[in-house]
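Visitor: I'd like to know how labels get attached to parts of a model. Can you show me?

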Amino acid sequence: SFVPSFLPSFKDWMEEGEATWRREVLSSWRVPRQATADPRYDALVLAPLKRLTVQEAKKPSRQRFSLESSSSSEEDSSSEAWTAVFSCFVFEAPAIGSRRYVLEKCDEPRRSRLRWERQKKPQARDVTSWFPDCDFQALPERVQGSIALNVDWTSAPDRYAIAPGDEDRPKPGWLRCFRFFGYAASKFHVLTNGVELGGDYKVVKGPRCPVQQPWKCLFAFFAFDAHVPNTNRYVLQQCSQPRRRLRVGMTPSENNDWTDDDVFFAYDVPIKGTARVAVQYRRRDRDGAALLGIGGGGGEKNSGEKNTNECEQNRLAIDDVLGGPWQEKFALFVFPAPTVDLDDDELPDDRQNHKETTEQGAFAAEDEHQRPYYENYGYDYDQQTQQHQGYVEGTGDEYPYHDGYNNASYDQYYPADC
């Protein structure tokens, strides 16, 4: 079939729409306001909690650590693309059995170091001059709901990384220094695809907010991944019939129409640093599902239990209910996210090239700068280019390296020290 050359391709049309919508995703975004902490609940935590964020950059592969409200978290990273790896919560003040840990930083290239206060340096072979940044308290032993955080070191230049998990050995090329324990947490984005009275809602877990038209981000928060003492378990469920709906509860629904989406743990009382988030449900009027926008009819026809299950719909909100179809179900207290990063926004150049190459299903043969990466691992760049071009134009055999490249690890094709 003939397609006029002046018409944009479907891929170009999708990319243009995504770029346009990227400016609208955060048009309704707000930071949840911190709740007023009640001194009566101070005993529910060992000490006030502080979020520790680990970010990663390439060329060379390195990490930086930052505490919320610290100088490192407020630095302008526009000159470098940092990607959030994970977050956890540590103590702001001394707790029973805790130790003081010191964060230090160094430039050229920007990176961080973490050490116990009684250590001069975690690794004796470290020859870099480091400068103080901030400090926090953490536990050297495991407690309920905590996760092991391993501090590893490598050289040329001296770099430190935090690797969560119970692995006894670090990844190749790194040496293990010590470990401490914190409460692992994940970031959740609350999105809607419509106006206040007629929109659907969903909650997306991850360090970055997805860019999907017509979904807009309302706010984001952090919640625990495991059962931290004095927290409750909350279940996120989704249902697509008769329309996309969200359910938030402490126990999952027994209705088979609902599918489990995710689980998080949060407080049910105001703790220092948390924000109040209301779980609201959409009520029905005498016409059954009329307020849900899925039809109306007589009250008797829509008053059955089956219809009630179909009409169940929840949302997470940071505003009080002021009339309308929404009523408060209960409230929970989570840690507000002060910033939101959009998906694939300002990724490092090598990661962006890797993503685009994977989507095309072949090596980016036109990128001459990738020649040393291929040759370093025994590939003939010119031969790869010819085979790839023949595969794209349909004049050659099936591209032999397609499946192996897509299934291989990222570090195999982009060495950490390139």
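Visitor: Why is S129 called exposed?

Guide: Quick background: this is a predicted model, where local features need pLDDT of at least 70, side-chain atom pairs count only at pLDDT 80 or more, and totals for chains, interfaces and linings use all residues. Residues are numbered from 1 along each chain as its sequence is written, and side-chain values use heavy atoms, leaving out hydrogens and water. Now, buried means under 20% relative accessible area, exposed over 50%, and partly exposed in between (1.4 Å probe, protein chains only). S129 has 52%, so S129 counts as exposed. You'll find S129 in the loop between β5 (111-116) and β6 (131-138).

Visitor: What makes R159 buried or exposed?

Guide: Its relative accessible area is 1%, which is under 20%, so R159 is buried. R159 is in strand β8 (residues 159-164); strands are DSSP runs of E, at least two residues, numbered from the N terminus.

Visitor: Which backbone oxygen does the side chain of R159 reach at 3.0 Å?

Guide: That of P157. The backbone oxygen of S61 also lies 2.8 Å from a polar atom of the R159 side chain.

Visitor: How do you know that β12 and β13 pair?

Guide: Two strands pair if DSSP finds at least two bridges between them. Strand β12 (residues 232-239) and β13 have 5, in the antiparallel sense, so they qualify. V235 stands opposite G249 in β13, and the two strands form a hairpin with 5 residues between them.

Visitor: What makes β13 mostly covered?

Guide: In β13 (residues 245-249), 5 of its 5 residues are buried. R245, R247 and G249 sit on one side, with L246 and V248 on the other.

Note on methods:
Helix = DSSP H or I, 4+ residues; strand = E, 2+ residues; numbered from the N terminus. Polar contact = N/O pair within 3.5 Å; in protein donor to acceptor, adjacent residues only side chain to side chain.
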